[in-house]
Amino acid sequence: MEKVEILRSRIKEVKSKQVEKGDMILSSLHLAQELFENSIPLEAAEAMAEELDVKIERIYEIATFYSMYSTKPRGKHLIRLCESLPCHVVEGPQIEQKLKDILKIDFGQTTKDGLFTLEQTSCLGICGVGPVMMIDGDAYGNLTVESIEGIIEKYRGDRK
Amino acid sequence: MKSMTILFSTDSNSLLNGSRSYAQTMKDLVKEYNLSKMVDVVETGTFGFYGKGVLFQVFPEDIYYSVSSVDDLKEIFNEHVLKGRIVSKFLVEKEKIKPAKRTELKETRIVLRNAGIIDPENIEEYIARDGYKALYNVLRMKQMDVIEMIKASGLRGRGGAGFPTGLKWEMTFKAKDGKKYVLCNADEGEPGTFKDRLILEGDPHSVIEAMAIAGYSIGADTGYIYIRGEYYNSIKKVQKAINDAKEYGLLGNNIFGSDFSFDIAIRPGAGSYVVGDETALMESLEGKAGRPRLKPPYPTEHGLYGKPTLINNVETFANVPWIILNGPGAFRRYGTEKSKGTKVFSLVGNVVNRGIVELPMGCTLRELIYGFGGGVAKGRTLKMVQTGGTAGTFVKPDKLDLPIDYESIKDGISLGSGSILVIDDQNKAIDIAKKAVKFYMHESCGKCTPCREGTRDLYILLDRISKGIGKKEDIERIRTLSMEISDSSFCGLGQSINLPLVSLYDNFKDEFLELVKAKSKNTSNLI
């Protein structure tokens, strides 16, 4: 089945739990991003507007307002580095520099091979082990300049 | 009860140290040696302390081990579990986890009464510790009597604003409408705060039970827990707890055979700090951009989908079943005159022991940082502490002995979300200011001009100063611009910017002035 068809059928599923119109837009956008590698393409936005019976402008307003969504294509793996003060004061800036050096990209950019997108995020609520980052759904804590390389390598290995 | 119980903490912080795989290895070993009847391996909430290795507790000995490899774990299994010989080299001194000083601190577990003790994914363990008993009792009381109990306890909102909880309940109860909602604000986004996450992951049923109690009290049949989208682990654990509660008939129709029916669903957020504002959260739940609404009308009259809505923070809810079971008088015994009960603090930054601790309101920063936290990390010197989160004030070490509660803002100490960020002398005030303002700039929703434009102007100003191209007048402008944004912004986000910025300015004015005098361009650690 095409991705967009899968999206339509899954929205129909969640719609059964919908209490009021509009209630399921955020959840549907999360679903779309899972299916379309971390971003929301036009075809997904169109399908959502149709299935949820709302204007496409509303889909886009939400997709661009919240930081977890992206309408710009992103890489296969999404790296989110915490930029809040609690991580900053425990040598966060060094981790930031090292990560940029390894990936050879800046925040908001995707590596040429399409494997990683690097983003900054506000506090992830795991400050007990900062500095922290999340790669997709997995969190990594007590980061050191030495430990980052190995973590990134693990995801590079997935490509094969 | 099995003859040996081994507890692994698997909250989000411990997970990052690998605790889940260690717990699994221990379970596998127990199974391999056919000891399942004798030894229980349990995953529980936080012990409140994070070290370098994985920490676990063994009963009946009541000791803690810290291990950093599977081999260490196997050694303990072979020696302790099989032979009954304590392996002292992996032992963690109890004083370190429950330091003598911490007893002096009167650590009081009301909110965290079950965290680190029960398996949060097992509803029966919650029930065994009087779980859902408060709900049972409440269903035999008059609605207003329950509300009077909450009012008498003096409980106030733990999200930061400190509104009297009982009063909020009463206002929603008195609003006349056929449909009402109970919302739990679990959109925890205040930097340095992770108490809600640990409550949701360590004792989800305490929040579910409290929401049902609130639903009965105000006359609502539907509840939503709005959890931050990034909190994958919390969402998973709370969903399991809701499913279990439904299966046990503790949620759903005719709870405990009464006329009361109540259901709860989770709605995930999608990354927006402003949504932590109660009206913005309702906008988000309705499938809109999370921008705050004009008040009045207040949510208690006109909330979610225009219906009367009660919204409380996770920690506020977690207090409720305890208050019902122990009475408002017991609760009032803790805390200060105007701030009753306890507060869960998260201690972060340049401190030896990072973690969470629950202390009575009115404790001091010194107790938190030197008692529980073990002092400043790497033997460095304390420069300042930010209290209450990024939207909180910075204080110098001369305020370490003042009490913290809702009233302490008069001394320049904000309680806020209970985050205590320790900052050592390696950090420059200008970098801290830039980071704080960047946060505001990034999270501003764009609805009102002072916050949207003002935070950006402030950032540009600080950036210039940090690069050594600022002017002397710029320094004074930090203060005036912060005050202007704070005075004219629409919601709590912009309004709170004076707390961090003015306190930084007042405490470190000389340091800022140095930057506009100095000729060197390399004055900041940041690029």
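**Loops, sheets and helix pairs**

Tutor: B:Pro60 sits in the loop between β3 and β4 of chain B, where helices (H or I, at least four residues) and strands (E, at least two) are DSSP runs numbered from the N terminus. Before going on, note that this is a predicted model in which local features need pLDDT of at least 70 and side-chain atom pairs count only at pLDDT 80 or more, while totals for chains, interfaces and linings use all residues. Residues are numbered from 1 along each chain as its sequence is written, chains are lettered from A and ligands numbered from 1 in the order in which they are written, and side-chain values use heavy atoms, with hydrogens and water left out.

Student: OK, and what kind of peptide bond joins B:Phe59 and B:Pro60?

Tutor: The bond between B:Phe59 and B:Pro60 is cis, with omega about 10°. The peptide bond from B:Pro296 to B:Pro297 is also cis, with omega near 5°, and B:Pro297 belongs to the loop between α13 (278–285) and β9 of chain B.

Student: Which sheet has β3 and β4 of chain B in it?

Tutor: They belong to an open sheet of five strands in chain B, ordered β2-β1-β3-β4-β5, with mixed pairing; two strands pair if DSSP finds at least two bridges between them. Because β2 (39–44) and β5 (91–92) of chain B stand at the edges with a single partner strand each, one side of each is left without a neighbour in the sheet.

Student: How do β1 and β3 of chain B run, parallel or antiparallel?

Tutor: Strand β1 (residues 4–9) and strand β3 (residues 54–59) of chain B run antiparallel and are joined by four bridges; B:Phe8, for instance, has B:Phe56 in β3(B) as its bridge partner. Helix α2 (residues 19–32) of chain B lies across β1, β2, β3 and β4 (63–67) of chain B and runs at about 165° to β2(B). Here contact means heavy atoms within 4.5 Å, and axes are lines fitted to C-alpha atoms, for helices over the stretch in contact, with angles running from 0 to 180 degrees between N-to-C directions. Helix α3 (residues 70–83) of chain B also packs on the sheet, touching β1, β2, β3 and β4 of chain B, and its direction makes about 150° with that of β4(B).

Student: And what is the strand order in the sheet of four?

Tutor: That open sheet, in chain B, has the order β8-β7-β6-β9, and its pairing is parallel. β8 (263–268) and β9 (309–313) of chain B are the edge strands, each with a single partner, so one side of each has no neighbour in the sheet. From one strand to the next the twist averages 20°. Six bridges join β7 (residues 222–227) of chain B to β8(B), and B:Ile225 has B:Ile266 as its bridge partner in β8(B). Helix α11 (residues 204–218) of chain B packs on this sheet, touching β6 (181–186), β7, β8 and β9 of chain B, with its direction at about 150° to that of β6(B).

Student: Switching to chain A, how many helices and strands does it have?

Tutor: Chain A has seven helices and four strands, and its C-alpha trace spans about 50 × 35 × 25 Å along the principal axes. Helix α3 (residues 42–52) and helix α4 (residues 56–65) of chain A pack at about 120°, with their axes 8 Å apart, which means that α3(A) is oblique to α4(A).

Notes: Angles under 35 degrees count as roughly parallel, over 145 as roughly antiparallel, 65 to 115 as roughly perpendicular and the rest as oblique.
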